[in-house]
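These are my notebook entries on one structure. I set down what I looked up, item by item.

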Amino acid sequence: MGSLDPKAIMTPSEKKHLITRNLQEVLGEEKITEILAKRDLKLYWGTATTGKPHVAYFLPMSKIGDFLKAGCEVTILFADLHAYLDNMKAPWELLALRTQYYEHAIKAMLTSLKVPLEKLKFIKGSEYQLSKEYTLDMYRLSSLVTEHDAKKAGAEVVKQVGNPLLSGLMYPGLQALDEEYLKVDAQFGGVDQRKIFTYADKYLPQLGYSKRAHLMNPMIPGLTGAKMSSSEEDSKIDLLDSAATVKKKMKKAFCEPGKVENNGVLAFAKYVLFPLLNPGEGFLIQRGADNGGDIEYTTYEQMESDFSQSLLHPGDLKVAVEVRLNALLEPIRKIFEAPELVKLVKDAYPPPAKVSKATAAAADDVVAPHRLDIRVGKIVEVNKHPEAETLYVEKIDLGESSGPRTIVSGLVNFVPQSEMLNRMVIVLTNLKPAKMRGIESAGMVLCASSDEPRQCEPLDAPTGSQPGDRVLVEGYEIGEPDTVLNPKKKVWEKLQEDLRVSASGNAEWQGNCLQTPHGPVTAKTLKNVPIK
């Protein structure tokens with residue numbers, strides 16, 4: 001972040017440019033213009049205190065630096081109650097500790113970015129969300145909002161399940177009321193918050209409160225190409241990861257030559273590293289003479305153009321990003337060497353308890369997605385079933401030493417035989433084998449499926465996947481799959497209810513991505529449909 005000159009006088013239009021640069025969308029831009037003509041803007045950014053903040057948090061922190069440079073009064077809300085309400089992702093007894101960790105971590109990030117903190121304040125949601133007035137407003141709001149609107153508002157933020165808890169339906173209402181109780185002009189967040197922002201626009205006026213403006217950052221992909229997630233270890237770099245760990249993760253980062261879309265390395269450079277450059281400073285890429293020698297980019301657009309034309313090699317880009325990222329993280333690591341902060345991290349995020357045999361036996365009744373053994377497979381042979389005109393009989397390579405498995409799929413009416421051969425598919429491998437019109441099928445090809453109109457297409461494995469790659473659900477990576485799913489316990493049937501393709505085309509379970517180390521599992525054309 002360039003140095004902030006307190007003597008510099010900015011015009012309202014200059015402030016607005018700084019406030020809105022690099023955003024994906026702004027709602028209520030006219031309101032911002034009107035306010036800046038009279039005074040500085042007041043806004044807030046909230047974060048639910050769940051998993052550890054990772055380097056993707058530099059994206060909102062970089063924008064908060066812009067806001068402060070533009071003279072805004074910025075409130076950072078540690079949304080501890082939201083963290084609990086979102087399917088209890090943070091245990092109640094750990095909320096206070098995790099909120100402390102977030103405050104220290106975010107202050108350390110802003111210090112690393114050289115952001116002055118004079119016009120910045122921090123507040124916990126529970127400090128005012130438990131007040132009589134706020135509680136009454138929640139009741140008033142509940143008398144206006146339908147279940148449909150509450151579920152729709154939280155669709156991109158709250159984990160989606162077939163039978164949602166009431167807590168998840170309350171979540172958008174709290175976030176809307178926060179705008180009034182924090183007395184701000186605008187709320188800042190990721191574009192995944194858009195439905196909550198429009199919910200606030202609709203319902204706050206019905207309570208007698210004014211609409212606020214909304215500023216939305218783009219969502220940047222993680223290092224695997226999927227959304228950067230605190231629960232997917234390979235997709236994110238923790239703020240306290242060592243320099244060696246950062247180097248290791250950057251080497252593994254998904255950065256396909258010439259491809260700009262879903263490139264987490266490029267996205268981090270665009271939205272975090274380039275805005276931090278001082279005036280006149282370039283982004284240096286060090287290369288050997290045989291690779292063209294060192295090159296310095298003064299704009300991100302130049303760098304992206306070279307990358308898209310394969311004039312910039314992914315390896316050289318990753319090394320340059322790693323160097324700058326480690327420079328950002330080093331001050332944070334130093335701050336967290338303090339003994340009291342070492343203890344805080346350990347207490348706020350205790351390691352998983354050792355599981356006794358009795359507990360493990362009891363866990364057999366817990367229906368969680370780690371029990372599914374889902375693998376990437378390659379169809380190496382496909383024929384029509386001799387006894388059923390709608391069925392294919394496939395030989396699918398799942399990377400097993402025993403050779404390809406025979407699997408029967410009802411896809412004849414949906415996918416031409418020529419498109420099935422050599423296709424990479426996603427296979428549930430631990431169903432009990434069953435005979436389908438006389439041929440035993442040892443698995444199921446998972447498909448996006450809709451009834452009206454009747455459509456069906458196999459899910460796609462991410463680029464680079466190999467036969468046998470395990471497909472895991474984000475946040476449920478720990479635990480061994482059942483050897484064979486017991487049909488009497490209906491494990492697959494219960495889990496399948498919450499398997500869907502999202503609006504963006506990603507395969508999800510309760511809003512959590514299905515992914516391999518190479519990225520998310522997707523559907524080519526069908527969206528917002530079940531997976532069967």
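Which residues is Ile64 in contact with, leaving aside its neighbours within four places in sequence? I found Trp45, Val74, Ile76, Leu110, Leu120 and Phe188, where contact means heavy atoms within 4.5 Å.

I noted the ground rules next. The model is predicted, so that local features need pLDDT of at least 70 and side-chain atom pairs count only at pLDDT 80 or more, while totals for chains, interfaces and linings use all residues. Residues are numbered from 1 along each chain as its sequence is written, and side-chain values use heavy atoms, with hydrogens and water left out.

Entry on the cores. I looked up the largest nonpolar core, which has 74 residues. Such a core is a set of buried Ala, Val, Leu, Ile, Met, Phe, Trp, Tyr and Cys residues joined through side-chain atoms within 4.5 Å; buried means under 20% relative accessible area, exposed over 50%, and partly exposed in between, with a 1.4 Å probe and protein chains only. Ile64 is among the residues with the most contacts inside this core, together with Phe58, Phe283, Met303 and Leu317. Helix H11 (residues 264–273) gives the most to this core, with 8 residues. Helices (H or I, at least four residues) and strands (E, at least two) are DSSP runs, numbered from the N terminus. Apart from this core I found another, of 29 residues, including Ala83, Ala150, Ile196 and Leu204.

Entry on aromatic rings. My search of the whole structure gave 12 aromatic pairs. Rings of Phe, Tyr and Trp (its six-membered ring) pair if their centres lie within 6.5 Å; planes under 30 degrees apart count as stacked, over 60 as edge-to-face and the rest as tilted. The rings of Phe274 and Tyr300 have planes at 80 degrees and centres 5.9 Å apart, so this pair is edge-to-face. Phe274 lies in the loop between H11 and strand S7 (283–285) and Tyr300 in helix H12 (residues 300–308), so the pair ties together parts 26 residues apart in sequence. Both Phe274 and Tyr300 are buried. I also recorded one aromatic cluster formed by Trp45, Tyr57 and Tyr102.

Entry on Gly125. I located Gly125 in the loop between strand S4 (120–124) and helix H6 (132–142). Is Gly125 buried or exposed? Its relative accessibility is 0%, so Gly125 counts as buried. Not counting residues up to four places away in sequence, Gly125 touches Leu77, Phe78 and Asp80.
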